[in-house]
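Visitor: I have the sequence and the model open. Can you walk me through some residues and what surrounds them?

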Amino acid sequence: MINITEVNSLIRLLDDPDPEIYNHVHDKLLSYGSEAIEHLETAFGEAFDSIQQERIANLVHEIQFGIVKNDLKLWYQGGAFDLLQGILIVNRYQYPDLDEQKIINQLEAIKRDIWIQMNNEASPVEQVKLINHVFYHMYGFSGNTTNHQDPQNSYLSQVMETKKGNQILLAIIYSIIAQKLDIPVHGVNLPQHFILAYLDESKESEFESGILFYINAFNKGFIFGRRDVDMFLKQLNLSFDKQFYEPCSNTDIIRRVLRNLISSYEHLGSSEKVDELKQMLAIIE
């Protein structure tokens with residue numbers, strides 16, 4: 001337990017003009033970690049001094065950013081098995097106080113609405129068409145084509161709220177829901193695009209990795225084949241590479257989300273966010 005009296009005394013010293021005193025107070029409060037946040041936020045509401053307010057806000061962010069980096073490191077070192085957990089950690093960077101259970105409940109509701117209509121005898125294509133019907137038509141998800149560079153397109157909470165996102169976030173949500181239903185849909189790290197593959201190793205398919213077909217989550221779950229990927233790569237003047245056709249790891253997916261965010265914030269000129277997101281990316285590279 002932290003000493004509340006000591007914490008409040010330290011917070012009152014945050015606007016001290018002496019850099020040595022400020023640095024000592026800053027480091028001491030930082031060492032308390034998440035336990036200090038509540039007291040700092042209370043003090044922020046009561047502070048009239050703009051310097052003190054700014055220093056409190058920066059300190060809260062610093063503590064929260066440290067927690068996010070640690071969470072990401074633990075996720076990565078633990079094997080990065082849970083894609084939902086990984087994308088929630090990225091979401092925490094911008095929305096640290098968000099009620100994550102609300103997002104989990106929203107995903108469960110979509111899953112349930114698909115499951116209710118699911119026929120056990122349905123073919124892979126029929127399964128995907130049902131997911132498409134619920135996801136795009138009932139819930140209204142779509143690609144954000146008008147403001148593709150907006151960083152909000154890369155935050156799960158915002159995409160769940162606005163029902164608009166970029167290619168990779170829509171694909172992440174789609175695959176998480178599909179996998180909750182034991183439907184083997186996985187992300188494929190295509191250059192300049194992110195698609196999904198329906199994987200079925202029990203059936204013979206057009207190539208050895210067991211992929212029956214691909215899905216474009218950005219284009220209302222459009223189903224297409226390997227030849228379309230061949231043509232797309234040809235348009236980009238890229239030669240054959242196995243990784244462009246086959247499912248990628250959860251770590252690859254989170255890396256790509258972080259790179260998208262870095263690109264979005266560079267576009268906005270937010271150098272501090274770019275630096276912080278590069279630190280996050282370095283943890284999983």
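Visitor: Which helix holds Asn132?
Guide: This is a predicted model, where local features need pLDDT of at least 70, side-chain atom pairs count only at pLDDT 80 or more, and totals for chains, interfaces and linings use all residues. Residues are numbered from 1 along each chain as its sequence is written, and side-chain values use heavy atoms, with hydrogens and water left out. Helices are DSSP runs of H or I, at least four residues, and strands are E runs of at least two, numbered from the N terminus. Asn132 lies in helix α7.

Visitor: Is Asn132 buried or exposed?
Guide: Buried means under 20% relative accessible area, exposed over 50%, and partly exposed in between (1.4 Å probe, protein chains only). Asn132 has 9% relative accessibility, so the residue counts as buried.

Visitor: Which residues does Asn132 touch, not counting those up to four places away in sequence?
Guide: Contact means heavy atoms within 4.5 Å. With residues up to four places away in sequence left out, Asn132 touches His137, Tyr174, Lys220 and Gly221.

Visitor: How many aromatic pairs are there?
Guide: Rings of Phe, Tyr and Trp (its six-membered ring) pair if their centres lie within 6.5 Å. Planes under 30 degrees apart count as stacked, over 60 as edge-to-face and the rest as tilted. By this rule the count is nine.

Visitor: What kind of pair do Tyr136 and Tyr174 make?
Guide: Their ring centres are 6.2 Å apart. The planes stand at 35 degrees, so the pair is tilted.

Visitor: How many residues apart in sequence are the parts that Tyr136 and Tyr174 tie together?
Guide: Tyr136 sits in helix α7 (residues 124-138) and Tyr174 in helix α9 (residues 167-180). Both Tyr136 and Tyr174 are buried.

Visitor: Where do Tyr214 and Phe224 lie?
Guide: Tyr214 and Phe224 form a stacked pair, 5.7 Å centre to centre with 25 degrees between the planes. Tyr214 is buried, and Phe224 is too. Tyr214 lies in strand β5 (residues 211-216) and Phe224 in strand β6 (residues 222-224), so the pair ties together parts ten residues apart in sequence.

Visitor: Which residues form one aromatic cluster with Tyr136?
Guide: Tyr174 belongs to this cluster. The other members besides Tyr136 are Phe135 and Phe141.

Visitor: How many salt bridges does the structure hold?
Guide: A salt bridge is a side-chain nitrogen of Lys or Arg within 4 Å of a carboxyl oxygen of Asp or Glu. One of them joins Glu100 and Arg92, at 2.7 Å from N to O. The structure's count is seven.

Visitor: Which helix holds both Arg255 and Asp252?
Guide: Arg255 forms a salt bridge with Asp252, the closest N and O atoms being 2.7 Å apart. Arg255 is buried at 16%, while Asp252 is partly exposed at 24%. They are three residues apart, about one turn, in helix α11 (residues 250-268).

Visitor: Which helix gives the most to the lining of the largest cavity?
Guide: On a 1 Å grid over the protein atoms alone, a cavity is a set of points where a 1.4 Å probe fits but cannot get out, and lining residues have an atom within 4 Å of a point. The largest cavity is lined by His61, Gln64, Phe65, Arg92, Tyr93 and Pro96. Both α4 (50-77) and α5 (83-94) supply at least two lining residues. With three residues, the top contributor is α4.

Visitor: How many residues of α5 are buried?
Guide: Among the buried ones are Leu83, Gly86, Asn91 and Arg92. Their cover includes α4, α6 and α9. Helix α5 is mostly covered, and of its twelve residues the buried ones number ten.

Technical notes. On a 1 Å grid over the protein atoms alone, a cavity is a set of points where a 1.4 Å probe fits but cannot get out, and a pocket is an open set with protein on both sides within 12 Å along at least five of seven lines; lining residues have an atom within 4 Å of a point.
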